[in-house]
Structure formats: C-alpha cells, structure tokens
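This note concerns the pockets, the cavities, the ligand site and the backbone of the structure below.

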Amino acid sequence: MFTINENYLKLPGSYLFSNIAKKVNAYTAANPDADIIRLGIGDVTRPLAPSVIRALHEAVDEMGDAATFHGYGPEQGYDFLKEKIVAYDFAPRGVKLDLDEIFISDGAKSDCGNIGDILGLDNVVAVCDPVYPVYVDTNAMAGRAGGYGADERWDKLIYMPCTAQNHFIPDLPAGKAPDLIYLCFPNNPTGSMISFEGLKKWVDYANEHGSLILYDSAYVAFISEDVPHSIYEIEGAKRCAIEFRSFSKTAGFTGTRCAYTVVPKELKCGEVSLNALWLRRQTTKFNGVPYIVQKGAAAIYSEQGQKEIRETVAYYMNNAKVIREGLAAAGFAVSGGVNAPYIWMKTPDGMTSWEFFDALLQKAQVVGTPGSGFGPSGEGYFRLTAFGTYENTVRAIERIKKVF
Ligand SMILES: *Cc1c(COP(=O)(O)O)cnc(C)c1O
C-alpha cells in the first residue's frame with residue numbers, strides 16, 4: 001500500500017487568511033451596508049503597464065503564425081529576458097552576472113520552495129520571526145522543521161526574532177550556526193530594510209560558518225534609500241547566497257507569473273556547484289515560463305516601460321507615506337513603509353493582534369493583517385499594506401485616527 005509524505009500531516013491549518021475572510025464575511029452579513037476598506041491584501045491592484053500589454057499582444061500574434069511560433073523554450077528562460085535582467089537589475093549596481101547564473105521561473109514563491117530539492121534534509125534552517133510563511137511551510141513539508149509544538153513553533157527551526165529592539169533586523173544567531181538562512185529585504189511583513197553594513201555581517205557570517213543565505217528581494221523595486229538592492233553588492237556574497245526576484249510586485253505580474261532566481265557559479269558546497277544542481281533540477285522538473293509572458297516581462301526594461309512601472313511603485317509608496325505619517329501623527333508606533341509597501345504598527349493599549357483586528361473591523365470597518373499570523377514575535381503587531389487605492393487609503397487612516 002502506498003504511503004504519503006507524513007510531514008504534510010504535521011502542518012497546522014493555514015488559518016490566517018481564511019480566519020480573516022470568515023470574520024469579514026460574518027461582519028458584512030450582519031452589516032450589509034458596511035463600507036469596508038481592505039488594507040490587508042498582499043496583492044497589487046494597479047493594472048499591467050501599457051508597454052507590457054503591447055508586448056503581450058505582439059507575442060500573442062507571433063504565436064499565431066508558423067513562421068514566428070514558439071514551442072518549448074529553454075527551461076531556464078530566454079536570453080532576451082536574461083540579458084535585460086543582467087544589464088538593468090545588476091550591472092548598474094556594480095554586480096556582474098553571466099546569463100547562465102539567471103534562471104527565469106513562474107514565481108519567487110515556487111523557487112523559494114523548490115530550492116529545497118537541491119539541499120540536504122539534515123540542514124538546520126533559520127528564519128526570521130515574523131516571516132513570509134512559505135520558507136517555514138516548505139521546509140516543514142520536506143521534514144527539515146521537525147515537529148510543530150503547542151507553543152506554535154517547529155522544534156528544529158531556529159527562529160530569529162525581529163522586534164522593535166533590533167529595528168526588525170535579525171541578530172546573528174548566538175549558538176551553533178544554522179546551515180540555511182532565509183533573509184527577506186525589503187521585508188514582508190515588517191517593511192524593514194537592511195543596511196550595507198548589516199547585510200555584510202550576514203555574508204561574512206555565512207562564509208565563516210559555511211551557511212547558505214536564501215535572499216528574497218521580491219520588493220526591491222520599492223527601495224527609496226541608499227541600501228543594498230542585491231545581496232551581491234556585498235563582497236563575498238556570490239560564495240554564500242542565492243537571490244530570489246520577482247516581477248510580481250515590481251511590475252504587477254502576480255497574476256501573469258514571472259520571476260527569476262540567481263545562482264552564482266562561484267557558489268559551491270565542497271566541489272559541487274549549486275548552479276549545476278539547480279540547472280539539473282529546473283531542466284528536469286520545469287519546462288519554462290511562456291514565451292508570451294517573458295516578452296511581457298522584457299518590456300518593463302524599455303525606457304517607457306521603466307517610466308511606467310516606476311509611476312505605479314510611486315503610487316503605492318505615496319499610499320505607504322499616507323499610512324505611516326498619518327498613524328505616526330496620531331501617536332501610533334509604526335515602522336516600514338519607506339523601502340517597502342508594508343507598514344508594521346504596534347497595536348494600541350496592549351491589544352493582541354487579533355483583538356486589534358476585531359476592533360478595527362467593528363469600529364472603523366478597516367481590514368488589516370494580524371502580526372501574530374506571521375510568527376510568535378508578530379504578536380502585538382499589525383500589518384497594513386499600501387496596495388489599496390489612494391482614496392481608500394486616506395479614508396482608512398482618517399477612520400483609524402477617529403476611533404483609536
Ligand atoms: C509576493 C512575494 C513574493 C513573490 O512571489 P511570486 O511567486 O513571484 O508572486 C516572494 N516573496 C515574498 C516575501 C513576497 O511577499
């Protein structure tokens with residue numbers, strides 16, 4: 001008789017967003033006329049840039065003509081897109097990459113999970129707390145997280161608290177060095193950003209201890225300060241880090257699906273090249289991102305495309321400013337929202353994250369995300385996102401100020 005991967009049975013239900021939906025549905029059922037404003041979404045809302053739409057249409061037409069039709073492409077992505085990535089995302093930052101160090105994929109989420117395929121099951125994993133849940137759950141599925149306890153922690157994971165005390169940047173682990181370290185900057189959910197100095201500490205630590213850093217920079221497009229855009233801006237990072245990027249938040253591709261992962265050729269485990277392993281993994285289990293979609297992604301690198309995606313990012317970041325400054329002026333302790341579309345606020349009056357969620361929904365008809373849903377250290381915090389409309393963002397902040 002067949003068996004299953006028992007690790008899946010250890011996973012707690014994904015209660016966060018279903019709980020939120022349940023509570024909002026119950027409230028709207030009881031208050032059918034309520035005008036609810038949602039600042040909990042982690043999805044973009046502005047449409048794709050006109051340059052992208054034009055490129056998508058052109059690529060669709062190519063597919064309808066035998067002379068320009070594209071079937072299977074290279075599993076690791078077309079050179080026309082990789083050339084743009086190398087020239088626009090890295091070269092201006094002083095980072096030199098070869099085309100075969102870039103792997104185009106259907107998402108940073110899939111890559112963050114799939115990367116575990118080429119890594120040993122006995123690796124000790126460290127994650128930030130609070131954290132993007134994908135890193136935790138995919139390691140739990142693989143068996144690297146151990147068992148899930150009543151304290152709502154996995155017993156084999158190392159949790160690195162990110163609190164107001166350390167400005168939501170994790171401290172280097174005190175005890176035995178973890179083998180795999182997930183870092184995400186600009187950060188989801190706290191909106192924090194790491195400095196050159198801060199990131200250098202991690203790169204040096206990883207090289208010294210033989211750890212691998214899995215660096216998620218899905219929100220790089222939202223950076224406004226002089227901080228690292230890529231981990232490879234730090235000396236030595238090519239020997240210890242894999243970087244995940246995505247067109248999702250950068251250019252509104254959450255529903256279109258295109259991302260990429262950088263695996264430098266210098267990155268080795270003993271004699272073994274991780275680049276070679278990832279290539280083997282991708283060419284075996286993945287058949288590439290649609291030609292049409294890669295054409296659309298390449299269009300963001302035209303002069304006009306850059307202008308258009310920057311305008312959209314600026315629109316969201318203006319919302320972030322409205323939230324951050326509005327709440328700060330009202331006396332709330334807030335952080336984030338400068339290099340990331342997320343604002344992380346301390347709940348008032350010592351409320352738990354869920355108590356504040358309920359109060360906000362009942363009294364202000366505003367929906368956000370309870371910080372405790374991202375990890376134990378998120379308790380007492382609340383995440384608001386800049387992905388709403390400007391008008392709703394302004395109204396939401398006015399309501400919150402009035403009620404609390
Ligand atoms: C949204 C997000 C991603 C992007 O995932 P895609 O699969 O490329 O859409 C990656 N990491 C974090 C932390 C995110 O919030």
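1. D349 lies in the loop between β12 (342–346) and α12 (353–364); helices (H or I, at least four residues) and strands (E, at least two) are DSSP runs numbered from the N terminus. D349 has a positive phi of about 55° although it is not a glycine. Most residues other than glycine have a negative phi, and most peptide bonds are trans.

2. On the source: the model is predicted, so that local features need pLDDT of at least 70 and side-chain atom pairs count only at pLDDT 80 or more, whereas totals for chains, interfaces and linings use all residues. Residues are numbered from 1 along each chain as its sequence is written, and side-chain values use heavy atoms, with hydrogens and water left out.

3. Two cis peptide bonds deserve a check by eye. One runs from D129 to P130, with omega near 10°, and P130 is located in the loop between β3 (125–129) and α6. Another runs from N188 to P189, with omega near 15°; P189 is placed in the loop between β5 and α7 (196–209).

4. Where does the ligand sit? The search uses a 1 Å grid over the protein atoms alone: a cavity is a set of points where a 1.4 Å probe fits but cannot get out, a pocket is an open set with protein on both sides within 12 Å along at least five of seven lines, and lining residues have an atom within 4 Å of a point.

5. The shell around the ligand holds 14 residues, the closest being D216, Y219, S246, S248 and K249; a residue is near the ligand if one of its heavy atoms lies within 4 Å of it. By class, this shell has 6 nonpolar, 4 polar and 4 charged residues. Ala, Val, Leu, Ile, Met, Phe, Trp, Tyr, Cys and Pro count as nonpolar, Asp, Glu, Lys and Arg as charged, and the others, Gly among them, as polar.

6. A ligand oxygen is 2.6 Å from an N or O atom in the side chain of Y219, and a ligand oxygen is 2.8 Å from a polar backbone atom of A108. R257 has a polar side-chain atom 2.7 Å from an oxygen atom of the ligand. Of the 390 Å² of accessible area that the ligand has on its own, the protein covers 94%; these areas come from the Shrake-Rupley method with a 1.4 Å probe, and for residues only the protein chains shown count as cover.

7. The largest pocket has a volume of about 1,400 Å³, a volume being the space filled by probe spheres set on the grid points, which are joined across faces, edges and corners. Its lining comprises 46 residues, with S14, L16, P133, D137 and G373 closest to its centre. Two or more lining residues come from each of α2 (15–30), α5, α6 (133–142) and α8, and α6 gives the most, with 6 residues. The lining divides into 23 nonpolar, 13 polar and 10 charged residues.

8. The second largest pocket holds about 550 Å³ of space. Its 22 lining residues include D89, V220, A221, Q306 and R310, which lie nearest its centre. The largest share of this lining, 5 residues, comes from α11. The classes are 13 nonpolar, 5 polar and 4 charged.

9. There are 2 cavities of 30 Å³ or more. The largest cavity, of about 90 Å³, is lined by 13 residues, and P47, T250, A251, G252 and T312 lie nearest its centre. Here α11 gives the most to the lining, with 4 residues.

10. The second largest cavity has about 40 Å³ of space. Among the residues lining it are P130 and N188, which also take part in the cis peptide bonds D129 to P130 and N188 to P189. Strand β5 (residues 180–184) supplies the largest share of this lining, 3 residues. The lining has 8 nonpolar, 2 polar and no charged residues.

Terms used:
Polar contact = N/O pair within 3.5 Å; in protein donor to acceptor, adjacent residues only side chain to side chain.
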